[in-house]
Amino acid sequence: MDALQLDTQIVTPASRPGFFGTLAGGEWAQGLAARIAVKLLAKPRRIGSRVFAARHAQVRELLCRDLDFVIAPINDSKIRDVNAGAFVLGMDRSERLERERRALYEALEAVDMDGLRAGVAADIDRVLGAVPPGGEIDIVGGYARPIAARTAQRLFGITGPDEKSFMEVVRSIFAHTFLNLGDDPVIRDRAIKAGRYMSGWYADEIARRRASGELGEDMMGRLLRRGIVDDDGARRTLGGMLVGSIDTTATCVAKIIKVASRDSDLRYAMTRDARDPQRLDGWCNEALRRWSHNPLVMRRAAVDCALAGTKVRKGDTMFALTQAAMFDPSVFYDPKRMDPERDSSIYLHLGWGLHPCSGRPVNRFQIPMLVGALLERGIERTGKISWAGPFPDKIVARLREGAR
């Protein structure tokens with residue numbers, strides 16, 4: 001496989017984020033929109049064939065009523081475009097969904113998470129150890145994104161021809177599957193090309209392992225050994241999980257660090273708690289309330305019904321404004337205050353109901369580890385974000401003199 005040709009075909013080009021990305025790409029605008037929405041939408045509101053829910057209880061109800069408000073019309077066709085088949089995040093409740101979800105989570109539970117943590121820690125030490133005191137580092141392209149990619153490679157069992165090609169394939173697929181709300185054909189075509197590479201990598205590696213009899217101890221090996229799904233089911237499951245595993249981490253780290261760099265009190269508190277995993281995780285959740293990696297999720301109404309007193313018609317597109325819900329004062333007391341001791345179960349960053357983010361067990365430890373290590377080194381300042389569509393692509397940070 002020609003890696004240079006691959007990069008040319010599937011790389012997400014440097015560009016402004018576009019309408020949705022502008023909302024998701026501006027801390028002030030996105031936070032203001034969330035606070036306005038939760039104040040104005042005491043109950044869900046219809047605008048044409050779209051229904052918006054912003055209060056915490058209503059958002060959770062929308063996401064839990066998975067027979068009334070379904071996900072397949074939103075995600076399934078896009079996932080099939082790039083994954084050569086279905087994945088659980090595009091399936092509605094069914095026997096097949098339950099079987100493939102069980103396979104996914106049993107395999108994930110059997111993976112050596114302590115080993116993954118050790119790999120992340122070693123990668124962090126290696127990358128930051130190469131930056132001299134007072135030096136600069138790109139905290140997306142030179143830090144969070146490649147480290148997240150190496151974690152994904154250890155977890156899912158494929159590497160691609162080289163690291164850059166691997167990351168660009170995954171980013172292009174993610175851009176279409178979950179962020180291409182306007183169905184841009186250029187983004188779709190790029191993702192379909194990338195999806196062919198990803199499916200081929202998985203098919204080749206699964207065939208190699210079957211032929212050798214050495215299935216491995218990573219998630220691929222666990223899926224193949226359990227036999228709950230066939231080899232194609234294993235490929236689809238691993239491909240679907242891989243899609244959100246790299247740029248979700250990189251985007252969260254970039255936004256958390258940028259929020260902290262603009263708030264000296266928050267940065268001081270986070271740095272003080274950098275070695276306390278529970279409190280640092282709380283701070284990261286709070287920073288992401290200000291600037292969420294994804295401020296909303298969508299569903300489609302499958303039947304005529306109602307949500308919190310608002311009539312819903314079959315075919316309506318439902319918008320669960322998850323970031324706005326995390327400013328709901330009935331759940332987040334004094335929502336403007338940053339509080340790392342809030343109950344972790346009330347956050348909606350990784351979804352809710354039947355379809356939470358499948359990579360959340362890894363994100364929960366990897367994101368705080370990446371953030372905490374940077375804060376311990378000391379960040380004097382950060383530059384502007386360079387974007388590749390909706391993705392933060394580069395943020396240069398200068399580390400503190402005398403810190404190591």
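**View 1. The largest pocket of the predicted model has a volume of about 970 Å³.** A pocket is, on a 1 Å grid over the protein atoms alone, an open set of points with protein on both sides within 12 Å along at least five of seven lines, and its lining residues have an atom within 4 Å of a point. Grid points are joined across faces, edges and corners, and a volume is the space filled by probe spheres set on the points. The lining of the largest pocket comprises 49 residues, and those closest to the centre are Asn75, Phe178, Asn294, Leu296 and Val297. Among the elements that each supply at least two lining residues are helix H2 (18-25), helix H5 (72-83), helix H9 (163-179) and strand S5 (297-301). Helices (H or I, at least four residues) and strands (E, at least two) are DSSP runs, numbered from the N terminus. H5 gives the largest share, six residues. By class, 25 lining residues are nonpolar, 17 polar and seven charged. Here Ala, Val, Leu, Ile, Met, Phe, Trp, Tyr, Cys and Pro count as nonpolar, Asp, Glu, Lys and Arg as charged, and the others, Gly among them, as polar.

The model is predicted: local features need pLDDT of at least 70, side-chain atom pairs count only at pLDDT 80 or more, and totals for chains, interfaces and linings use all residues. Residues are numbered from 1 along each chain as its sequence is written, and side-chain values use heavy atoms, with hydrogens and water left out.

**View 2. The second largest pocket has a volume of about 530 Å³.** Its lining has 20 residues, of which Ala274, Met369, Gly372, Ala373 and Glu376 are the closest to the centre. Two or more lining residues come from each of helix H7 (113-129), helix H15 (277-290) and helix H17 (360-377). The largest share, eight residues, belongs to H17. This lining divides into 10 nonpolar, two polar and eight charged residues.

**View 3. The largest cavity has a volume of about 100 Å³.** A cavity is a set of grid points where a 1.4 Å probe fits but cannot get out. The structure holds three cavities of 30 Å³ or more. Residues lining the largest cavity include Ala148, Thr151, Phe156, Met241, Gly359 and Gln366. Helix H8 (140-156) and H17 each give two or more residues to this lining, and the largest share, five residues, is from H8. Six of the lining residues are nonpolar, six are polar and none is charged.

**View 4. The second largest cavity has a volume of about 50 Å³.** Ile79, Val82, Asn83, Phe87, Ile173, Thr177, Phe178, Gly240 and Val243 form its lining. H5, H9 and H12 each contribute two or more of these residues. The lining has six nonpolar, three polar and no charged residues.

**View 5. The largest nonpolar core has 95 residues.** Such a core is a set of buried Ala, Val, Leu, Ile, Met, Phe, Trp, Tyr and Cys residues joined through side-chain atoms within 4.5 Å, where buried means under 20% relative accessible area (1.4 Å probe, protein chains only). Tyr143, Met219, Leu242 and Met270 touch the most other members. H8 supplies the largest share of this core, nine residues. Apart from neighbours within four places in sequence, the contacts (heavy atoms within 4.5 Å) of Tyr143 include Ile124, Leu128, Asp138, Met369 and Ala373. A second, separate core has 18 residues, including Leu62, Leu63, Met318 and Tyr347.

Key. Buried means under 20% relative accessible area, exposed over 50%, partly exposed in between (1.4 Å probe, protein chains only).
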